[in-house]
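Work through the exercises below with the sequence and the model open. Each task is followed by a solution in steps.

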Amino acid sequence: MNKHLFFLLTLALSFNCYAQISYEKGYFIENNGKKVECFIENVDWKNNPTEFKYKLSESSESIKVGIATVKEFSVQNYSKYVRANVKIDRSSSNINQLSSTRNPIFKEETLFLKILVEGTSNLYYYEDGNLIRYFYGKDGHHNIEQLIFKYYLKDNNIRGENNSFRQQLLNNLECTAITPKGIEKTKYSNENLIRLFILYNQCMGSESVNYQEMQKRTLFNLNIRPGLNVSSLNVTNQVNTFRNVDFGNKLGFRFGVEGEFFLPFNKSKWSIIVEPTYQQFKAEQESPNSMVDYKSIEIPLGIRHYFFLSESSKLFINGSYVLDNVLDSKISYSSADVEITKSTNLGFGFGYKKNDKYSLELRYHTSRNLLSSFAFYDSDFNTLSMIFGYSLF
């Protein structure tokens, strides 16, 4: 089993090194106003970037440029960033680090701001770790200001909220379709603010470019995952060595239903997975006279990462923490039965997916002790799985 694990990790790391990087059509504008048509590495940045890579042609070498020399860049039909000198409040929202000052503490910085809505009035977005800030501006991409929202600590150690962004919106988005009551219900979030800015631009007779709409992606997959297990079980008893038994390797069937929740950045390369799985292991031995009947519902909870090879195919690796819920299982000797109890272990896998529908995965499970409730017993249960997947949606 250790050889299988070593092979699995080596192969996964190799694919990590050679996974294709996606360069997509786009442009950037230099400080002198020159527009450069190119292919930009679309990382689908979670945090707003300070630099990016581009190629002048698909076959040329990549070049890195940064915020000092670029005042705007865009990945075609996907995202757009503008450089802006803005005042930003970086006050923490962590309850243990809250400021006792209600007003924002501004610091002037030069940032690449992500455009969410572009029109008569523009909405911008900035993310850096746990920090999320929205900005707004009119007259092109000039005079950009932060929409103020801040948590702070009141005198009685209760968390307060500074929702000044609502007054800013009321003052700057004057329109018959936008009412004070509607502003009062507006939250400091993508969905609420995008809807409001699009409504204002419509009211002003201006078309809006909704870049968030361009980035719509699959957020959830439901996958049917049958497969085959090659499992082994070795049992030892520290007091009675006559109950030591090696049940050897056995081929078994497994069936799982996997929910996959994609994280909204890096072009859905990361996902959270949960896969309730039925598995069974049955075996007999003559010396000593013994039998094992082990059935359980495994619940792997883990994370998966994809490496794109082309538009229709990708590799993936994943790691899971496995909760094992035993179903009426035991090891039987001629004179007594030993009940198998619930346990946990880890699972590591790598696989291939085609057309976002069909997948094949090889998964290694670390050793599981099925008799952990018994002081003098120890057991070593290992599994290597070949899993076939089909995405329902």
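**Exercise 1.** How many disulfides does a search of the whole structure find? Identify the cysteines and describe the link.

*Solution.* The model is a predicted one.
- Step 1: a search of the whole structure gives 1 disulfide.
- Step 2: the partners are Cys175 and Cys203, with sulfur atoms 1.9 Å apart; the cut-off for a disulfide is 2.5 Å.
- Step 3: the angle about the S-S bond is 110°, and the link of Cys175 and Cys203 is right-handed.

**Exercise 2.** Classify Cys175, Cys203 and Cys38 as buried or partly exposed.

*Solution.* Buried means under 20% relative accessible area, and exposed means over 50%.
- Step 1: Cys175 has 11% relative accessibility, so it counts as buried.
- Step 2: Cys203, at 32%, counts as partly exposed.
- Step 3: Cys38, at 5%, counts as buried.

**Exercise 3.** Which residues lie nearest the centre of the largest cavity, and which elements line it?

*Solution.* 
- Step 1: the whole structure holds 1 cavity of 30 Å³ or more, and the space in the largest cavity is about 70 Å³.
- Step 2: its lining has 13 residues, with Asn223, Arg225, Glu258, Lys353 and Ser359 nearest the centre.
- Step 3: two or more lining residues come from each of strand 14 (220-237), strand 15 (245-262), strand 18 (290-308) and strand 24 (377-391). Strand 24 gives the largest share, 3 residues.
- Step 4: by type, the lining has 6 charged, 4 polar and 3 nonpolar residues.

Key
Residues numbered from 1 in each chain as written. Predicted model: local features only at pLDDT ≥ 70, side-chain atom pairs only at ≥ 80, totals over all residues. Heavy atoms only, no water. 1 Å grid on protein atoms, 1.4 Å probe; cavity = no way out; pocket = protein on both sides within 12 Å on 5 of 7 lines; lining within 4 Å. Points joined across faces, edges and corners; volume = space filled by probe spheres on them. Helix = DSSP H or I, 4+ residues; strand = E, 2+ residues; numbered from the N terminus. Nonpolar A, V, L, I, M, F, W, Y, C, P; charged D, E, K, R; others polar. Buried < 20%, exposed > 50% of the residue type's maximum accessible area, 1.4 Å probe, protein only.
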